[in-house]
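Opened the notebook to go through this one a piece at a time.

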Amino acid sequence: ADKYKKEFFSVFGKGKWAWCNAFWRWCAKEAGLNIPIKCPSKYGYTFALVEATQQWAIEMGFYHDNDGKFKPERGDGVIFDWDQVKIDEPDRDKDDHIGIHLGMDGELFKTAEGNTSNRTDIKKRTSKQIQGWVRIPDGYKF
């Protein structure tokens with residue numbers, strides 16, 4: 001996990017903390033998007049927090065609610081809410097997890113995720129678990 005978390009050590013230290021968003025940020029950087037540590041959002045979070053990514057994406061117009069109509073593409077961020085009962089309910093709490101959409105496996109969404117039992121993993125998730133999507137336009141620069 002240190003590979004994905006190390007840029008946040010100056011903020012959080014080396015202790016245990018949820019690092020799924022640090023993994024998402026690392027993957028985005030590997031793809032050429034230089035995401036800063038501090039989220040350029042009015043909320044002032046770092047990009048280690050899933051909620052920071054969601055709020056920033058909403059502010060930028062990059063966020064898409066899981067309404068059953070949005071068609072995710074490979075590489076889109078996937079924001080999860082484990083307490084969500086159905087996809088059309090409002091966002092009631094902080095979101096739980098983030099991953100990267102890889103494709104579909106039948107009705108299941110295949111995702112790459114960090115901090116899954118403290119490691120990276122490929123998972124298959126139902127639509128009900130997905131709060132929304134983050135699609136950063138090609139060529140976007142911070």
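This is a predicted model: local features need pLDDT of at least 70, side-chain atom pairs count only at pLDDT 80 or more; totals for chains, interfaces and linings use all residues.

**Cysteines**

I looked up cysteine 27, and it counts as buried because its relative accessibility is 19%; the cut-offs are under 20% relative accessible area for buried, over 50% for exposed and partly exposed in between (1.4 Å probe, protein chains only). Residues are numbered from 1 along each chain as its sequence is written, and side-chain values use heavy atoms, with hydrogens and water left out.

How many disulfides does the structure hold? I found 0, taking a disulfide as a pair of cysteine sulfur atoms within 2.5 Å. Cysteine 27 is in none, and the nearest cysteine sulfur, that of cysteine 20, sits 12 Å away.

**Cores**

Next I checked the nonpolar cores, meaning sets of buried Ala, Val, Leu, Ile, Met, Phe, Trp, Tyr and Cys residues joined through side-chain atoms within 4.5 Å. The largest has 26 residues, and Phe23 and Phe47 have the most contacts inside it. Elements giving two or more residues to this core are α3 (20-30), α4 (50-60) and β3; I read helices (H or I, at least four residues) and strands (E, at least two) as DSSP runs, numbered from the N terminus. The largest share, 6 residues, comes from α3. I also noted a second, separate core of 6 residues, with Phe70, Val78, Phe80 and Ile130 among them.

I then listed what phenylalanine 23 touches (heavy atoms within 4.5 Å). Leaving out residues up to four places away in sequence, I got Tyr4, Ile100, Ala112, Glu113, Gly114 and Thr120.

**Strand residues**

Threonine 111 is in strand β4 (residues 108-113). Buried or exposed? Threonine 111 is buried, because its relative accessible area is 0%. Beyond four places in sequence, its contacts include Val78, Phe80, Ile100 and Arg125.

Aspartate 105 lies in strand β3 (residues 97-105). I have aspartate 105 down as partly exposed, because its relative accessibility is 36%. Aspartate 105 and arginine 125 are 20 residues apart in sequence, and C-alpha to C-alpha they are 9.5 Å apart in space.
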